[in-house]
Amino acid sequence: MNLARLDLNLVVALRALLEERNVTRAGQRIGLSQPAMSAALARLRRHFDDELLSRVGGHYELTALGQVLLDRTSTAYDVLERLFASQADFDPAKETREFRLVASDYAVAVFGTEFARVVHDEAPGIRLRFSQTPTTVVDDTATLLSATDGLFMPHGVISGFPATDLYDDRWVFLVADGHPDVGEQLTRQDLAHLPWVTYQRTYDAPAVRQLGMLGIEPQVEVSVDSFQSLPLLVAGTRRIALVQARLARLLAPITAVRAMEPPYEAVPLREAMWWHPVHTHDAAHIWLRETAARVGATLPQAG
């Protein structure tokens with residue numbers, strides 16, 4: 001395939017056709033007449049040697065290839081849109097735009113709040129939209145990064161993409177105040193026998209993967225999509241939870257739990273901002289990353 005010979009407008013047409021599954025609606029969506037859209041569909045069918053849309057009764061359905069192309073086209077469209085939106089110059093005090101960022105509720109709580117304050121002060125026309133980190137982040141990182149402006153995630157979970165370090169943290173265990181089975185110190189036996197409450201795919205965290213090397217398999221009783229829910233699900237129970245020290249300190253006044261040191265040398269946590277390579281030289285994204293790194297450097301040390 002010779003990319004130079006392709007009409008990139010066909011990417012726009014292909015996405016509209018696959019998502020709308022209707023030639024007329026797809027044309028209306030991107031501002032093309034019905035004949036022009038039909039011509040685009042014909043060109044796409046010749047290129048892929050596939051019908052892409054097949055009539056079933058009174059409507060169209062995607063062919064097997066069309067179904068495969070549906071997600072790939074959306075990703076390609078997002079990358080192209082962000083590529084051609086790149087800027088040589090960026091004045092944060094004057095610009096008006098939105099940055100879409102993916103982050104856990106932990107990152108938003110301990111870093112995003114201060115980051116948003118600084119952005120508001122320095123760039124009042126900039127909007128930040130935080131989205132929850134999906135469980136597919138490890139399996140489909142490229143697709144996620146292509147559709148966003150940045151991902152806040154610690155090192156050791158994903159790799160292969162550019163990143164800038166933000167701040168350091170460490171892991172602690174939470175147990176309920178007055179826990180009947182835990183003394184002044186947690187033991188490895190406690191970790192093996194007590195029920196756990198965990199965040200999403202806990203095994204992605206290096207500090208948890210260490211447990212496997214010690215022969216300890218967490219007995220997960222509850223799993224949630226929110227780090228901030230962990231203390232609430234520990235309080236008044238026999239459960240334990242692994243959580244970041246910064247978040248534990250932030251939530252200490254509102255939960256009846258205590259933070260305890262791990263009974264092993266848990267690897268530290270270094271939070272970073274990851275991005276798709278298409279953003280590397282874009283002035284707006286350079287400002288965004290530099291601002292994030294500057295805010296991260298001002299955070300106090302983890303307790």
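Because the model is predicted, local features are taken only where pLDDT is at least 70 and side-chain atom pairs count only at pLDDT 80 or more, whereas totals for chains, interfaces and linings use all residues. Residues are numbered from 1 along each chain as its sequence is written, and side-chain values use heavy atoms, with hydrogens and water left out.

The protein chain is divided into domain 1 (3–85), domain 2 (98–167 + 272–298) and domain 3 (171–260), with bounds that come from an automatic or database domain assignment. Between domain 2 and domain 3 the C-alpha centres lie 26 Å apart, and their contact (heavy atoms within 4.5 Å) takes 15 residues from domain 2 and 14 residues from domain 3.

The area buried between domain 2 and domain 3 is about 1,200 Å², and carbon and sulfur atoms give 55% of that area; buried area here is the accessible area, computed with a 1.4 Å probe, that two parts lose on being put together, summed over both. On the side of domain 2, the residues that lose the most area to domain 3 are Asp-105, Tyr-106 and Thr-135, which together account for 41% of what that side buries.

Across this interface of domain 2 and domain 3 the rule finds 0 salt bridges, a salt bridge being a side-chain nitrogen of Lys or Arg within 4 Å of a carboxyl oxygen of Asp or Glu. The rule does find 6 residue pairs in polar contact across the interface, with both residues at pLDDT 80 or more. A polar contact is a pair of N or O atoms within 3.5 Å, where within protein one must be able to donate a hydrogen and the other to accept it, and where residues adjacent in sequence count only if both atoms are side-chain atoms.

Helix 5 (residues 105–122) supplies the largest share of the side of domain 2 that touches domain 3, namely 4 residues; helices (H or I, at least four residues) and strands (E, at least two) are DSSP runs, numbered from the N terminus. The residues of that side of domain 2 divide into 7 nonpolar, 6 polar and 2 charged, where Ala, Val, Leu, Ile, Met, Phe, Trp, Tyr, Cys and Pro count as nonpolar, Asp, Glu, Lys and Arg as charged, and the others, Gly among them, as polar.

## Salt bridges

A search of the whole structure finds 16 salt bridges, and the table lists some of these pairs with the distance between nitrogen and oxygen.

| Pair | N to O distance |
|---|---|
| Glu-122 and Arg-294 | 2.9 Å |
| Asp-168 and Arg-270 | 2.7 Å |
| Arg-238 and Asp-181 | 2.8 Å |

Glu-122 lies in helix 5 and Arg-294 in helix 11 (residues 283–298), so this pair ties together parts that are 172 residues apart in sequence. Both residues are partly exposed, Glu-122 at 31% relative accessibility and Arg-294 at 41%, on a scale (1.4 Å probe, protein chains only) where buried means under 20% relative accessible area, exposed over 50%, and partly exposed in between.

Asp-168 in strand 6 (residues 163–169) and Arg-270 in strand 12 (residues 269–274) are 102 residues apart, and their pair links distant parts of the chain. Asp-168 is partly exposed at 36%, and Arg-270 is partly exposed at 41%.

The bridge of Arg-238 and Asp-181 joins two loops: Arg-238 lies between helix 9 (230–234) and strand 10 (240–244), and Asp-181 between strand 7 (171–176) and helix 7 (188–193), so the pair ties together parts that are 57 residues apart in sequence. Arg-238 has a relative accessible area of 41%, and Asp-181 one of 39%, counting as partly exposed.

A network of salt bridges also links Arg-15, Glu-19, Glu-20, Arg-25 and Arg-29.

Phe-48 is found in helix 3 (residues 34–48) and is partly exposed at 27%. Leaving aside neighbours within four places in sequence, Phe-48 is in contact with Leu-14, Leu-65 and Leu-69.

In the loop between helix 3 and strand 1 (53–56) lies Asp-49, with a phi near 55°, a positive value in a residue other than glycine. Leu-52 lies in the loop between helix 3 and strand 1, and its phi, near 65°, is likewise positive. Most residues other than glycine have a negative phi. Asp-49 counts as exposed at 70% relative accessibility, whereas Leu-52 counts as buried at 1%.
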